[in-house]
Amino acid sequence: MSRGRRIFCAVLFCAALLLDQFTKYLAAGRLKGAAPRVLIPGVLQLQYLENRGAAFGMLQNRQWIFIAFALVMILVCAVYVLKLPAGRRYDPLRLCLVFLGAGAAGNLADRIVRGYVVDFIYVSAIDFPVFNVADIYVSCSVVVLVILVLFVYNGKEDEEERKG
């Protein structure tokens, strides 16, 4: 991977992490102890929540599990970002890995500094659990990664490149 791509990935990782932490800072400062703020009635609101578990409140107060898992995820993402072949073909995969790592790092930072993760986005239309920006990074990255692996990086094109 070129030096320029490495720098871009590092800057994007830092920017994504900073955006996540800034939104959590705002949520903690403006939503904690306050009534939920309705953005779209019956659909979307901002609601402060201190999450000491995983998605849907699973594994409450087992921070060491989440810290270890996040550290492994960040390391795996970083290794793959650096080891992917150069070229535009792998840029979508590289971006997914950067956002997946940034999401893991964002929630890891909360767990280490606060002892819990700040969640604040609530989709009331479907009564979805409260989440945050890092969760969006992780969820969207995983979905896109699955699509990329199944339909783009499925080995067929790589095999054709080697033959040709």
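At 37% relative accessibility, F128 counts as partly exposed, a class that lies between buried (under 20% relative accessible area) and exposed (over 50%), with a 1.4 Å probe and protein chains only. The model is predicted, so local features need pLDDT of at least 70 and side-chain atom pairs count only at pLDDT 80 or more, while totals for chains, interfaces and linings use all residues. Residues are numbered from 1 along each chain as its sequence is written, and side-chain values use heavy atoms, leaving out hydrogens and water.

The structure holds four aromatic pairs, where rings of Phe, Tyr and Trp (its six-membered ring) pair if their centres lie within 6.5 Å, counting as stacked with planes under 30 degrees apart, as edge-to-face over 60 and as tilted for the rest. One of them joins Y90 and Y153, which are stacked because their ring centres are 5.2 Å apart and their planes at 10°. Y90 is buried at 13% relative accessible area, and Y153 is buried at 12%. In F128 and F131, the ring centres are 5.9 Å apart and the planes at 80°, so this pair is edge-to-face; F131, at 16% relative accessibility, is buried.

Leaving aside residues up to four places away in sequence, L93 touches L84, L145, L148 and Y153, contact meaning heavy atoms within 4.5 Å.
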